[in-house]
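Subject: The structure, and what was found in it

Dear colleague,

Please find the structure below, handed over together with its sequence.

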Amino acid sequence: MQVLQVQLEVGPDPAEVGRARRWARSRLAGSGIGDDEPLADTLVLLISELVTNAVVHTGCPAVLRMLFGGGGVRVEVADTSERPPKPRHAEGDDTNGRGLELVEGLADRWGWEREGAGKSIWCEVDRAPAEEPLAQGSPSRVHC
C-alpha cells in the first residue's frame, strides 16, 4: 500500500488555525478529495479542532500531518507538550470544551501517543466507497 504524507509546521498562534485549514483544503483537493465532498468538510473540521487544541492548550508549535492511503485519511497533530489530551464536556452556552467530543463523533478512530519529547493526537476517517448508480426501475437501497 502506498501512502502519501504531507505536513505543515504550525506556530503557537491562534491565527495559525485558519492557515492550517486553508492548507488542508488545498492538499485535500490535490489528493483527489473534492472541496464539494462532505469528507473534505469533515476533515477540515477535525484539523481545525486538533490544531486549535495544540495551539491554545499547549502554547507550543506543532506539526500537522495528513496521510492519504488505504482508503482513508489520517490526520496527526504533534506538539512538544508532554501533557496528554484531556477531553472536557461543555455545558449549555460554553464556548469551548467540545473539541475532542467533535473528534470522537466525526472520526472513525482517534487517539494519542507519546512522540519524542511530546505527543501526537491523531484521527482517521475512512473514505466511503463510491455509490453504484441504481439501475432504472430498481428499488432504492437503504444504507444504515
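The chain holds three helices and five strands, where helices (H or I, at least four residues) and strands (E, at least two) are DSSP runs numbered from the N terminus. Read from the N terminus on, the elements follow the order β-α-α-β-β-α-β-β. Please keep in mind that this is a predicted model, in which local features need pLDDT of at least 70 and side-chain atom pairs count only at pLDDT 80 or more, while totals for chains, interfaces and linings use all residues. Residues are numbered from 1 along each chain as its sequence is written, and side-chain values use heavy atoms, with hydrogens and water left out.

Of the 144 residues in the chain, 39% are buried; buried means under 20% relative accessible area, exposed over 50%, and partly exposed in between, with a 1.4 Å probe and protein chains only. If we take the contacts (heavy atoms within 4.5 Å) between residues at least 6 apart in sequence, 56% of them join residues at least 24 apart.

Helix α1 (16-30) has 15 residues and reaches 21 Å from its first C-alpha to its last, close to the 21 Å expected at 1.5 Å a residue, the expected span being 1.5 Å times one less than the number of residues. Its buried residues are Glu-16, Val-17, Gly-18, Ala-20, Trp-23, Ala-24 and Leu-28, and these pack against β1, α2 and β2. An α-helix has 3.6 residues a turn, so residues three or four places apart point the same way. Just after α1, Gly-32 takes a positive phi of about 100 degrees.

Thr-58 and Pro-85 are 27 residues apart in sequence, with 9.9 Å between their C-alpha atoms. After α2 comes Gly-59, whose phi is positive, near 70 degrees.

What lies in the largest nonpolar core? A nonpolar core is a set of buried Ala, Val, Leu, Ile, Met, Phe, Trp, Tyr and Cys residues joined through side-chain atoms within 4.5 Å. The largest one has 32 residues, and those with the most contacts inside it are Val-51, Leu-64, Met-66 and Val-75. At least two residues each are supplied by β1 (4-10), α1, α2, β2, β3, α3 (99-106) and β5, and the largest share, ten residues, comes from α2. Beyond four places in sequence, Leu-64 touches residues including Val-6, Ile-47, Val-51 and Val-75. Val-6 itself lies in strand β1, and its C-alpha atom is separated by 7.9 Å from that of Arg-27, 21 residues apart along the chain.

Two further strand residues are worth a look. Val-73, in strand β3, is buried because its relative accessible area is 4%, and its contacts beyond four places in sequence include Leu-43, Leu-67 and Cys-123. Ser-120, in strand β5 (residues 118-126), counts as buried at 1% relative accessibility, and among the residues that Ser-120 touches beyond four places in sequence are Arg-65, Val-77 and Trp-112.

Finally, the second largest pocket holds about 150 Å³ of space. Of the 14 residues that line this pocket, the closest to its centre are Leu-67, Gly-69, Gly-72, Arg-74 and Glu-124, and the elements that give two or more residues to the lining are β2 (62-69), β3 (72-79) and β5. A pocket here is found on a 1 Å grid over the protein atoms alone, as an open set of points where a 1.4 Å probe fits, with protein on both sides within 12 Å along at least five of seven lines, and lining residues have an atom within 4 Å of a point. Grid points are joined across faces, edges and corners, and the volume is the space filled by probe spheres set on the points. The lining divides into six nonpolar, four polar and four charged residues, where Ala, Val, Leu, Ile, Met, Phe, Trp, Tyr, Cys and Pro count as nonpolar, Asp, Glu, Lys and Arg as charged, and the others, Gly among them, as polar.

With best wishes
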